[in-house]
Amino acid sequence: MLSPYSQSRRLAAVQVPVIPIVARWIAESPGTISLGQGVVSYGPPPEAVAAAQRFGTTLSDHRYGPVEGLPPLVAALEAKLAAENGISVPPDSRVLVTAGGNQAFMNAVLAITDPDDEIILPAPYYFNHEMAIGMAGAKVVAVPTDRNYQLDVAAIGAAITPRTRAVATVSPNNPTGAVYPAEALTAVNRLCQSRGIFHLHDEAYEYFTYGSVRPFSPGSLDGASGYTISLYSLSKAYGMASWRVGYMVIPASLHEAVNKVQDTLLICPPAVSQQAALAALAVGRAHAASHVARLDATRRLIFDTLSAADVPCDVPPADGAFYYLLRAHSDLDSMTLVERLIRDHRVAAIPGSAFADAAPCSIRISYGALDAETVAEGVGRLVKGLRALA
Ligand SMILES: Cc1ncc(COP(=O)(O)O)c(C=O)c1O
């Protein structure tokens, strides 16, 4: 008999996070090099840490603050969005500071969906987006990307139904590293406009593109402010994952709804993190830029190594973030492949099944957190492992 204390059907249907499972296998296999975790190798600018150390000297530091975030931080974000993303916030949009990009996505989903509404996600997709949609009682409609993980705009259009509330895109992308060109994002945005649905666009990795490739913010398009929700994070851009700071740009028409969600989940964003974020923003994108050349060299090394003819995998190009999602030529499922890579070859990756990848045996490798030497050693083990398990 079902226990009266079991979880809700909604939560039971949400996937179990895979990272803790992979982390357990790593802990059981000492000496494993992890190409798993999607984090950067550096911390915040010292100015941000100093701002946090100055925090707490006045009583107001300890009280609730405004639901949408501290006014100087909101003003700094508006200035950044205008200068870097071409998004002018007032009067048609609003900025809200959140406890990270994940909370911003949850705020948006709760604000725009009713139970059984649909959100289209190009697949493979970021697992927490799927989880948020499921927790809200809405449904994910997965639309496959092409062999290079680029958007299939016609297929997205064909997937829209009367229940569709939004298309959610991520560029640069997790898990694929793909960067969508301005034309493709413009086409999705205009599709959303013409079909009367929202365009959610996650730019958590906006500072991580390589060569001449640049990210594009669909929220900057003329007339897009009424139906475009843009999501950002300081976790990767400033090496501030533990501080939990993100922000979202929402149409003014959603202000009341998003404020209700934010007021219930958070009341106000944590003040100490906001002070640190304000100081980080004053340093600006130069902080990440100083690391991007190093990441690019690592990215090229991985591509050259894994795309050699005698390595049994396909490596679609990845011009952004710090990921590759490679398709292994193996009969194993991706979860089994990852376990074998860890236990037998001491190298960890994340199984593509966690990202709803249709390819039977894909794995995501991340090169953001490690120095070039460790990545090279890890990729060498991966090559040996793929050869042994293919
Ligand atoms: C696409 C994407 N959005 C959002 C997040 C979460 O960011 P945050 O730490 O700001 O919640 C991640 C983290 O990996 C991500 O990959």
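1. A residue is called buried when its relative accessible area is under 20%, exposed when over 50%, and partly exposed in between (1.4 Å probe, protein chains only). At 4% relative accessibility, Tyr205 is therefore buried. The model is a predicted one, in which local features need pLDDT of at least 70 and side-chain atom pairs count only at pLDDT 80 or more, while totals for chains, interfaces and linings use all residues. Residues are numbered from 1 along each chain as its sequence is written, and side-chain values use heavy atoms, with hydrogens and water left out.

2. Aromatic pairs. Rings of Phe, Tyr and Trp (its six-membered ring) pair if their centres lie within 6.5 Å; planes under 30 degrees apart are stacked, over 60 edge-to-face and the rest tilted. The whole structure contains ten such aromatic pairs. In one of them, Tyr205 and Tyr323 have ring centres 5.5 Å apart and planes at 80 degrees, so the arrangement is edge-to-face. Tyr205 belongs to the loop between strand 6 (198-202) and strand 7 (228-233) and Tyr323 to strand 10, so the pair ties together parts 118 residues apart in sequence. Helices (H or I, at least four residues) and strands (E, at least two) are DSSP runs, numbered from the N terminus. Tyr323 is buried, at 1% relative accessibility.

3. A second pair joins Tyr324 and Tyr367: their ring centres are 6.0 Å apart and their planes stand at 40 degrees, so this pair is tilted. Since Tyr324 is in strand 10 and Tyr367 is in the loop between strand 13 and helix 14, the pair ties together parts 43 residues apart in sequence. Tyr324 and Tyr367 are both buried.

4. Which residues do ring pairs link into a cluster? They are Tyr205, Phe208, Phe322 and Tyr323. Another ring, that of Tyr232, has the charged end of Lys80 over it, 4.3 Å from the ring centre. A charge sits over a ring if NZ of Lys or CZ of Arg is within 6 Å of the ring centre and within 35 degrees of the ring normal.

5. Helix 12 (residues 286-306) has 21 residues and spans 31 Å from its first C-alpha to its last, close to the expected 30 Å; the expected span is 1.5 Å times one less than the number of residues. A kink of about 35 degrees is centred on Val292, the bend at a residue being the angle between axes fitted to the seven residues ending there and the seven starting there. The buried residues of helix 12 include His287, His291, Val292, Asp296 and Arg299. Among the elements against which its buried residues pack are helix 9 (234-237), helix 11 (271-283), strand 10 (323-328) and helix 14 (372-389).

6. Helix 13 (residues 334-345) holds Leu337, which is buried at 1% relative accessibility. Contact means heavy atoms within 4.5 Å. Leaving aside neighbours within four places in sequence, Leu337 is in contact with residues including Ala328, Cys361, Ile363 and Leu389. Ser334 also lies in helix 13 and is buried, at 4%. With residues up to four places away in sequence not counted, Ser334 touches Pro351, Gly352, Ser353, Pro360, Cys361 and Ser362.

7. Is strand 2 (residues 93-98) largely enclosed or largely open? Five of its six residues are buried, so strand 2 is largely enclosed by the rest of the structure. Strand 2 pairs with strand 8 (residues 246-251) in the antiparallel sense over six bridges, pairing requiring at least two bridges found by DSSP. Opposite Leu96 stands Met248 of strand 8.
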